[in-house]
Amino acid sequence: MIRRGAVLERRLLDGVLLMHARGSFEPIRLNGTAASIWYATAEPGDRAAIVARVAAMYGVAPSEIEASVDAALDELCADGVLLDG
Amino acid sequence: MADALVDEVYAALVGLGADGASEPWPIGPLSDGQWSDLVGRCQTQRMVGALCEVISQRQLDVTDSQLATALNAQLEAAHHALRVQRALLETADALRAAGISFAVLKGPALAHTIYPDPSQRDYLDLDILVADVDASVRALGARGIARLNDEVRAGFDRRFGKAVTLCNADRIEIDVHRTIAPGPFGQLAAAGQLLPAARSFTLAGVELPTLSTEEHLVQGCYHLVLGGDEPRGSNVRDIALLLSEPTLDAERVLALARGWKGEAVVAQAIRSCAERVPMTATPLTDWARSHNLSARERALLDSYRSGDRFGSMALATLRVLPWRERLAYMSALALPSRANLRTRALKRSSHLKRLGRFVKR
């Protein structure tokens with residue numbers, strides 16, 4: 001997973017606000033876990049690496065959160081802020 | 001209504017992160033009325049980022065509803081900041097394509113170079129210093145970023161103007177600067193010396209040129225003292241943080257101020273900041289405290305505070321312009337183009353009446 005270069009971000013009290021540098025003006029608001037997943041992608045890594053980083057943030061076993069992190073990564077890819085591969 | 005506790009918390013926010021600034025955070029949440037005052041003041045003073053920082057650090061206690069109010073204010077400020085950042089990338093792309101040297105000034109640049117976290121600095125518009133105002137306005141115009149007012153007269157922007165204000169399709173204002181201040185001190189400042197830019201920061205993978213810490217400080221001082229309004233909280237905090245930068249070279253600041261005959265401006269801004277933020281004394285704060293205004297400096301500074309600020313600044317500007325420029329400056333102000341009058345919703349007769357009233361005084 002790798003962040004698309006042309007994404008702007010601004011930290012919020014409860015997460016992060018993203019906006020594409022070109023194209024849609026629609027902001028993307030990520031709260032709680034979704035924001036943690038975004039921060040976990042600051043360095044590129046495969047899905048397993050991202051799951052491991054998020055699990056470490058929350059102090060849980062990767063297997064406990066794998067499904068929800070996977071789903072969130074899919075959503076971030078669909079929003080166009082992450083690239084899978 | 002003024003409330004001492006709100007005043008104290010607000011003052012502590014303005015000094016947040018500055019060397020020696022005290023942080024007398026109250027124990028327990030403010031009342032809802034006090035909170036509403038504080039959030040409103042932070043919004044108008046572009047200090048929402050600082051407020052949210054102390055909430056996130058749990059330095060300031062808040063109730064659930066107060067947290068929700070702060071979040072809403074932060075979301076609004078963050079959304080606007082992201083739109084300004086987009087405008088910055090759009091502007092930088094156009095200027096680069098046209099081969100024009102530029103430097104990003106104020107909010108977005110300071111947020112990404114001086115502030116501990118860019119989300120702590122709110123901003124509403126964009127300020128860019130350029131090497132060639134006319135070429136910049138043309139390059140941006142070709143991308144649909146249009147100027148708000150027509151030029152006073154042909155050639156005015158590049159000879160005498162402070163900045164040209166443009167607006168993009170997202171309604172973000174972009175000030176394209178020839179110099180860093182209006183009036184006489186703006187004419188005396190050789191802002192072209194700031195280009196090519198000394199440093200850069202990165203936004204969405206794009207490298208953007210900006211000023212050195214010392215240049216940011218001098219520019220911030222000019223904005224604080226000559227900007228026209230009561231100093232905004234975010235601008236005072238800019239100065240406090242710049243003065244607290246460990247790498248700040250006081251001699252470079254003073255050399256730049258001296259070269260631009262702007263020592264009085266820098267001294268007054270630093271004094272004004274030190275009155276609001278109880279900072280640790282530095283060589284620059286000591287210098288500012290002991291700087292005595294000359295009669296000429298006092299007269300130039302007074303021109304910015306007059307009731308008819310525009311007219312007084314124009315007269316003071318005449319005094320600092322080279323002789324050969326004075327006639328062109330006067331005739332441009334006395335007889336602006338029809339297009340300029342139209343964009344300012346003025347008729348030539350009403351403009352001349354206004355001018356006549358000023359000359360009589």
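1. A residue counts as buried here if 20 or more other C-beta atoms lie within 10 Å of its own. On that criterion, 44% of the 361 residues of chain B are buried. The model is a predicted one, and the points below should be read with that in mind.

2. Overall form of chain B. The chain holds 18 helices and seven strands. Its radius of gyration is 21 Å, close to the 21 Å that the globule rule gives for 361 residues, so chain B is as compact as a globular protein of that length. The C-alpha trace spans about 65 × 45 × 40 Å along its principal axes.

3. Contacts within chain B. Taking the contacts with a separation of 6 or more, 70% are between residues 24 or more positions apart.

4. Helix H4 of chain B. This helix covers residues 64-97, which makes 34 residues. From the first C-alpha to the last, H4(B) reaches 49 Å, close to the 50 Å expected at 1.5 Å a residue. After H4(B) comes B:Gly99, which has a positive phi, near 70°.

5. Helix pair in chain A. Helix H1 (residues 32-40) and helix H3 (residues 62-78) of chain A pack with their axes 10 Å apart, at an angle of about 75°. Angles of 65 to 115 degrees count as roughly perpendicular, and H1(A) and H3(A) are therefore roughly perpendicular to each other. From H1(A), the residues that meet H3(A) are A:Thr33, A:Ala34, A:Ile37 and A:Trp38. Their counterparts in H3(A) are A:Ser68, A:Val69, A:Ala72, A:Leu73 and A:Leu76. By class, this contact has seven nonpolar and two polar residues, with no charged ones. As a general point on spacing, an α-helix has 3.6 residues a turn, so residues three or four places apart point the same way.

6. Surroundings of H1 in chain A. The buried residues of H1(A) are A:Ala35, A:Ile37, A:Trp38 and A:Ala40. A:Ile37 and A:Trp38 are buried and also take part in the contact with H3(A). The cover over the buried residues of H1(A) includes E3, strand E4 (28-31), helix H2 (47-58) and H3 of chain A.

7. Interface between the chains. Chain A gives 14 residues to the contact and chain B gives 20. On the side of chain A that touches chain B, strand E2 (7-12) and strand E3 (15-20) each supply at least two residues. E2(A) has the largest share of that side, five residues. By class, the residues on this side of chain A comprise 10 nonpolar, one polar and three charged.

Terms used. Residues are numbered from 1 along each chain as its sequence is written. Chains are lettered from A and ligands numbered from 1 in the order in which they are written. This is a predicted model: local features need pLDDT of at least 70, side-chain atom pairs count only at pLDDT 80 or more; totals for chains, interfaces and linings use all residues. Helices (H or I, at least four residues) and strands (E, at least two) are DSSP runs, numbered from the N terminus. The radius of gyration is taken over C-alpha atoms; the globule rule is 2.2 Å times the number of residues to the power 0.38. A residue is buried if 20 or more other C-beta atoms lie within 10 Å of its own, exposed if 12 or fewer, and partly exposed in between; C-beta atoms are placed from the backbone. Two residues are in contact if their C-beta atoms, placed from the backbone, lie within 7 Å. Axes are lines fitted to C-alpha atoms, for helices over the stretch in contact, and angles run from 0 to 180 degrees between N-to-C directions. Angles under 35 degrees count as roughly parallel, over 145 as roughly antiparallel, 65 to 115 as roughly perpendicular and the rest as oblique. Ala, Val, Leu, Ile, Met, Phe, Trp, Tyr, Cys and Pro count as nonpolar, Asp, Glu, Lys and Arg as charged, and the others, Gly among them, as polar. The expected span of a helix is 1.5 Å times one less than its number of residues.
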